[in-house]
Amino acid sequence: MKYFEPDLIMAVGGGSVMDLSKGAWILYERPDLTDLGMISPLDKLNLRQKAMLVAVPTTAGTGSESTGAAVFHDTAVQRKIPISHDELVPDVAVLSPQFTISMPPELTVGAGLDVLAHAMDAVTTPSANEFTEPLALKAIEMVTQWLPRAYKNGNDREARFRMIIAANIAGIAFGMSGCHLTHSFGHALGAVYEMHHGLCVGFFIPYSFQFCQRVTDNHLAICKALEIAAPTAKEGLNNLVAEVRGFLKALNVPLALKDFGISKKDFENKLPRLVEYSYGDISCYLSPRPITAGQCEMVMKYAYEGQDIDF
Ligand SMILES: [Fe+2]
């Protein structure tokens, strides 16, 4: 960019490509900023003096085309660094299902679960509101309906179309309200084991619900949208978790970390880093239930065995 001096940046790709473009755009416009991790959403960046950003997603997941969020992988320290700034919302997004047709089934699932995690977090975070909730609920409905179809048949154009719209809708919702524990834990798992972002955050959806249920009954809105029986908040939660687990299972996603082929010894060796990264992740601050480092460790241990969170 420094050499070519573009006045239009076109990011064609998945979340990594769009987020990378946002990072490069900042450094192109603001060479005085050297540490992207230190960017505050409260400071003015004054972008668009040199270029505009067009985002063309080729996956249906991240929603980066409609958010000011970007996640960078700092390979030197193997950490995921999420940043967020209003000025990073792309100027134009081009949503075409054609670009997502060639995604293999595993990537389709990973990306689709990212949408689900964004939307479910957007409903249950304390900053959920009347603008974000209807969008997030719509995205949840759409993912449960269309992701299994896109997974089974990648050439199903209607499923691909609905999924790219769902990803965008969920992006608009969580771009305003933020997402929480699925992403704190997911970022840690993804960084330490170099696993796909969407798969990691989707995996943690049931654990996040169970951990938060002591302080919120926002999940009842999801039960209502998906027509899941919820005579009480607790029963609704149990039914919702069972539904999500059934959904993950049908998409061949393991329900316990040990079923990803991670040995107990390796997990125990890496546990301190998993805890440090998840507790240090900015998404923790948006959790309805404040979490301690000790509780992060417990969630990770329970997730390894596939146990219900009971604390
Ligand atoms: Fe995500």
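The model is predicted: local features need pLDDT of at least 70, side-chain atom pairs count only at pLDDT 80 or more, and totals for chains, interfaces and linings use all residues.

View 1. Helices (H or I, at least four residues) and strands (E, at least two) are DSSP runs, numbered from the N terminus. Along the principal axes, the C-alpha atoms fill a box of roughly 55 × 45 × 35 Å. Of the 311 residues, 45% count as buried. A residue is buried if 20 or more other C-beta atoms lie within 10 Å of its own, exposed if 12 or fewer, and partly exposed in between, with C-beta atoms placed from the backbone.

View 2. Strand 1 (residues 8–13) and strand 2 (residues 52–57) run parallel and are joined by six bridges; I9 stands opposite L53 in strand 2. These strands belong to an open sheet of three strands in the order 1-2-5, with parallel pairing, where two strands pair if DSSP finds at least two bridges between them. Strand 1 and strand 5 (92–93) are the edge strands, each pairing on one side only. Helix 1 packs on the sheet, touching strand 1 and strand 2, and its direction makes about 155 degrees with that of strand 1. Axes are lines fitted to C-alpha atoms, for helices over the stretch in contact, and angles run from 0 to 180 degrees between N-to-C directions.

**View 3. R48 lies in the loop between helix 1 and strand 2.** Its phi is near 75 degrees, a positive value in a residue other than glycine. R48 counts as partly exposed, because it has 13 C-beta neighbours inside 10 Å.

**View 4. Strand 3 and strand 4 form a hairpin with four residues between them.** Strand 3 (residues 69–74) and strand 4 (residues 79–84) run antiparallel and are joined by six bridges. A69 has S84 in strand 4 as its bridge partner. In the turn, Q78 has a positive phi of about 50 degrees.

**View 5. The largest nonpolar core has 72 residues.** Such a core is a set of buried Ala, Val, Leu, Ile, Met, Phe, Trp, Tyr and Cys residues joined through C-beta atoms within 7 Å. The residues with the most contacts inside this core are A119, A136, A139, A166, A170 and A173. Helix 3 (residues 132–152) supplies the largest share of the core, eleven residues. Apart from this core lies another, of seven residues, among them A70, V71, I83 and L88. Not counting residues up to four places away in sequence, A166 touches A60, V115, A139, M142, V143 and W146; two residues are in contact if their C-beta atoms, placed from the backbone, lie within 7 Å.

**View 6. Helix 7 (residues 205–212) is mostly covered.** Eight of its eight residues are buried, namely I205, P206, Y207, S208, F209, Q210, F211 and C212. They pack against helix 2 (105–124), helix 5 (181–193), helix 6 (197–203), helix 8 (219–225), helix 9 (233–250) and helix 11 (293–305). I205 is buried because 24 other C-beta atoms lie within 10 Å. Leaving aside neighbours within four places in sequence, I205 is in contact with L116, A117, M120, T182 and V244. The C-alpha atoms of I205 and L248, 43 residues apart along the chain, are separated by 9.9 Å.

**View 7. E194 is found in the loop between helix 5 and helix 6.** E194 has a positive phi of about 50 degrees although it is not a glycine. With 10 C-beta neighbours inside 10 Å, E194 counts as exposed.

Note on methods. Residues are numbered from 1 along each chain as its sequence is written.
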